[in-house]
Amino acid sequence: MASPGSSAPGRVAVVGSGLIGRSWAMLFASGGFRVKLFDIEPRQVTDALVSLRKEMKTLELSGYLKGELGAEEQLSLISGCSDLREAVEGALHVQECVPENLELKRKLFAQLDKIADDHVVLSSSSSCLLPSKLFAGLVHVKQCLVAHPVNPPYYVPLVELVPHPETAPATVDRTYALMQRVGQSPVRLLREVDGFALNRLQYAVIAEAWRLVEEGVVSPGDLDLVMSDGLGLRYAFIGPLETMHLNAEGMLSYCDRYSEGMKRVLKTFGPIPEFSGVTAEKVHQAMCVKVPDDAEHLAARRVWRDGCLMRLAQLKRQLPQ
Ligand code: NAI
């Protein structure tokens with residue numbers, strides 16, 4: 001087994017050691033990077049180090065630990081830090097993971113802007129804040145971008161890279177390479193758009209799911225099966241565009257055969273749902289039959305979901321692409 005040490009590829013700072021910060025720390029360590037974990041709440045860092053140890057040991061025992069190094073070596077690469085400057089100095093990449101609040105993030109990036117040298121990449125994990133809002137006015141704006149992971153990032157490798165209009169192409173290229181190096185699957189958005197790509201797709205699906213239930217076409221439970229036992233199986237391996245390509249004699253043949261039908265159906269899609277009232281009650285009740293909404297049942301179901309995703313991620317790694 002390889003060992004860490006002087007050959008470590010470099011240092012990364014993770015700012016904010018909650019759910020997402022912890023996942024990034026594990027991913028960067030799996031790629032052999034030294035990680036400094038900072039949080040405004042020192043207790044969060046202490047708790048993070050304890051929970052990372054437990055999780056990485058469990059992953060190692062079950063054979064799901066990522067990377068070439070063993071759990072102990074990876075853990076030795078991660079250290080806590082109580083000073084932002086110390087965490088960032090000498091890092092090649094800073095991954096911000098503080099709560100999704102524009103003012104809070106802008107304040108933090110203003111601090112990072114003062115500490116940053118001209119080489120470090122300043123990357124935000126934001127799910128939906130636009131780079132033009134997050135990084136406006138920063139001296140080091142060329143070095144800034146959003147790298148949006150998907151929860152849980154350790155098992156769902158997609159990372160959306162979203163530039164500010166002034167982000168240097170080299171910043172995106174370096175982050176793309178870093179993400180690949182730690183086993184993630186980066187995609188480049190060529191310009192920012194509200195919701196990025198993932199949430200725009202997700203919200204399109206949620207909106208139509210909601211309308212179908214609201215209009216009494218299908219029950220909430222059956223609607224979810226349409227995805228989990230239907231579309232979802234395929235989408236774990238190929239996207240909607242490749243699906244079109246394969247479902248006819250190539251893309252042009254698909255458009256030829258099905259575009260009229262698609263447009264006819266698309267014209268019947270209704271307005272944006274309110275996501276409230278009677279339908280919200282109905283969907284809530286149906287979901288609670290399967291998973292009661294108390295903390296214990298929700299946590300148990302999330303553990304089950306993450307276990308499934310972990311196995312699927314391993315299967316995908318084993319299969320030819
Ligand atoms: P969290 O609430 O679990 O963790 C946030 C951490 O940031 C806390 O430990 C908090 O003490 C710390 N913090 C607050 N202010 C700080 C500051 N000024 N400096 C340093 N640390 C500070 O939040 P979570 O879920 O980890 O989310 C972090 C970011 O990741 C958010 O932008 C969120 O939108 C994004 N994200 C979250 C996903 C999720 O499913 N939770 C998925 C993808 C992205």
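How far is an oxygen atom of the ligand from an N or O atom in the side chain of Gln44?

Reply: The distance from a ligand oxygen atom to an N or O atom in the side chain of Gln44 is 2.6 Å. This is a predicted model, in which local features need pLDDT of at least 70 and side-chain atom pairs count only at pLDDT 80 or more, while totals for chains, interfaces and linings use all residues. Residues are numbered from 1 along each chain as its sequence is written, and side-chain values use heavy atoms, with hydrogens and water left out.

For Asp39, a side-chain N or O atom lies 2.6 Å from an oxygen atom of the ligand. Val98 takes part through its backbone, where a polar atom is 3.3 Å from a ligand oxygen. On its own the ligand has 840 Å² of accessible area, and the protein covers 78% of this (Shrake-Rupley method, 1.4 Å probe; for residues, only the protein chains shown count as cover).

Two or more residues of the shell come from each of α1 (19-30), α5 (102-115) and β6 (144-149); helices (H or I, at least four residues) and strands (E, at least two) are DSSP runs, numbered from the N terminus. There are 23 residues around the ligand, and Asp39, Gln44, Glu100, Lys105 and Ser127 come nearest (near: a heavy atom within 4 Å). By class, the shell has 10 nonpolar, 9 polar and 4 charged residues (Ala, Val, Leu, Ile, Met, Phe, Trp, Tyr, Cys and Pro are nonpolar; Asp, Glu, Lys and Arg are charged; the others, Gly among them, are polar).

Now the surrounding chain. Helix α2 (residues 42-62) holds both Arg43 and Asp47, 4 residues apart, about one turn of the helix. Their side chains form a salt bridge at 3.1 Å, N to O (a side-chain nitrogen of Lys or Arg within 4 Å of a carboxyl oxygen of Asp or Glu). The structure has 11 salt bridges.

The loop between β6 and β7 (158-163) contains Pro152, which is joined to Asn151 by a cis peptide bond with omega of about -5 degrees. Phe196, not a glycine, has a positive phi of about 50 degrees and sits in the loop between β8 (185-188) and α8 (198-214). Most residues other than glycine have a negative phi, and most peptide bonds are trans.

The domain assignment gives domain 1 (11-188) and domain 2 (198-290), with bounds from an automatic or database assignment. Their C-alpha centres are 33 Å apart.

Notes
Polar contact = N/O pair within 3.5 Å; in protein donor to acceptor, adjacent residues only side chain to side chain.
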